[in-house]
Amino acid sequence: MIVGIPKGLLYYKYNPFLFTFFTELGANVVVSEDTNKHILDLGVKHCVDEACLPIKIFHGHVASIKNKCELMVIPRVMQLEKNEYICPKFCGLPEMVLNSIAGMPPAITEPIYAFSKNSLYKWAKTAGKYVTSDIFKIRHAFKYAYEVQSKHRTGINNNEHDIKIALVGHPYNVYDNFSNMNLTAKLDKLGISVETMEFTNDFLINMEINNLYKRPFWTYARENYGFALNAVKEKRFDGIIYISSFNCGTDSIIIELIKDKIGNFPLLILKVDEHTGEAGIDTRIEAFSDMLERRTQHESNIPTNG
Ligand code: SF4
């Protein structure tokens, strides 16, 4: 059995689990390439126009390996935390893909509730049966994959430069270097260090959420808001860069809430889609970098945030 895993959306966070689970079941696993121009073009061709860039890119990854596998994993990620969801597009992802791309192999589309080991095991039991009927093998593969995933850490935290920004955004925007146009490397060249939300304690993130009149029920919206608001208070950050996608409903709300709260703390919002030109992104981050540099050189002139 050859199982295909598309390298899109939450692959960046949860690939060790998926890869280990199917490999331990005895399947051969085919993972699509890193996102590139060909994959983007395939995604744009196969996906509806209105979708955000990460969803289009996911379609491209699927299309790129559909003829190389006998079973495709299309993760319908419903929940990572109790009482929270990801985004409606995740809930309907399998339907979008299966109705848009012709000639698909059978797909695993069962909903994933990953807020606890037990809830995730329910998915593993159903998904594992596509590969083997041996329930002991499935249980072993799940336990091992869960253990491997628990040891996996994502996150960027470099401290080479005097200026440091909090890089905020959904994992697929932060970690897919094609869609974010190598943002971290560009910032490094400009003398800016980067830190992502994985290095901020959940307690601090949730403390910021408690100040909202209503708790966001989208997991990444909550985390991005809490991380950005906390970054404003942390002495180690000189600014925030929020990398987002055009047409992202949750980001459009969260960005406004952040802007409303942070006063004059430097914030750069980069919105990307398949038409975004790299030169435009370069100009904007260069201008932001100049501004941060000027601020750090004349810190005593900076008014306090209101
Ligand atoms: S959260 Fe935003 S970027 Fe992510 S899939 Fe949903 S609409 Fe797209």
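This is a predicted model: local features need pLDDT of at least 70, side-chain atom pairs count only at pLDDT 80 or more; totals for chains, interfaces and linings use all residues.
User: How many aromatic pairs does the structure hold?
Analyst: The structure holds twelve aromatic pairs. Rings of Phe, Tyr and Trp (its six-membered ring) pair if their centres lie within 6.5 Å; planes under 30 degrees apart count as stacked, over 60 as edge-to-face and the rest as tilted.

User: Why is the pair of F17 and F21 called stacked?
Analyst: The centres of F17 and F21 are 5.9 Å apart, and the limit for a pair is 6.5 Å. The angle between the planes is 5°.

User: Where do F17 and F21 lie?
Analyst: Both are in helix α1 (residues 11-24). They are four residues apart, about one turn of the helix. A helix here is a DSSP run of H or I with at least four residues, a strand is a run of E with at least two, and both are numbered from the N terminus.

User: Are F17 and F21 buried or exposed?
Analyst: F17 is buried, and F21 is buried too. Buried means under 20% relative accessible area, exposed means over 50%, and partly exposed is in between (1.4 Å probe, protein chains only).

User: Why is the pair of F90 and Y172 called tilted?
Analyst: Their centres are 6.1 Å apart, with 40° between the planes.

User: Which parts does the pair of F90 and Y172 tie together?
Analyst: F90 lies in helix α4 (residues 88-91) and Y172 in helix α8 (residues 171-175), so the pair ties together parts 82 residues apart in sequence.

User: How do you know that F90 and Y172 are buried?
Analyst: F90 has 2% relative accessibility, so it counts as buried. Y172 has 8%, so it counts as buried as well.

User: Which residues do ring pairs link into a cluster?
Analyst: Ring pairs link F17, F21, F22, Y121, W123, F142 and Y146.

User: Which residues surround the ligand?
Analyst: The ligand is surrounded by C52, P54, I55, C87, K89, F90, H170, Y172, S245, C248 and T250. A residue is near a molecule if one of its heavy atoms lies within 4 Å of it.

User: Which parts of the chain supply the shell around the ligand?
Analyst: α3 (53-65) and α4 each supply at least two residues of the shell. Domain 1 (2-151) and domain 2 (163-297) each give at least three residues. The domain bounds come from an automatic or database domain assignment.

User: What is the make-up of the shell around the ligand by class?
Analyst: The shell has seven nonpolar, three polar and one charged residues. Ala, Val, Leu, Ile, Met, Phe, Trp, Tyr, Cys and Pro count as nonpolar; Asp, Glu, Lys and Arg as charged; the others, Gly among them, as polar.

User: Why is N99 called exposed?
Analyst: N99 has 66% relative accessibility, so it counts as exposed. N99 is in helix α5 (residues 93-100). N99 and C47 are 52 residues apart in sequence and 9.4 Å apart in space, C-alpha to C-alpha.

User: Why is L9 called buried, and why is N83 called exposed?
Analyst: L9 has a relative accessible area of 4%, so it is buried. N83 has 66%, so it is exposed.

User: What makes S116 partly exposed?
Analyst: S116 has a relative accessible area of 27%, so it is partly exposed. S116 is in the loop between β6 (111-113) and α6 (117-128).

User: How do you know that N180 is buried?
Analyst: N180 has 3% relative accessibility, so it counts as buried. N180 is found in the loop between α8 and α9 (183-189).

Note on methods
Residues are numbered from 1 along each chain as its sequence is written. Side-chain values use heavy atoms; hydrogens and water are left out.
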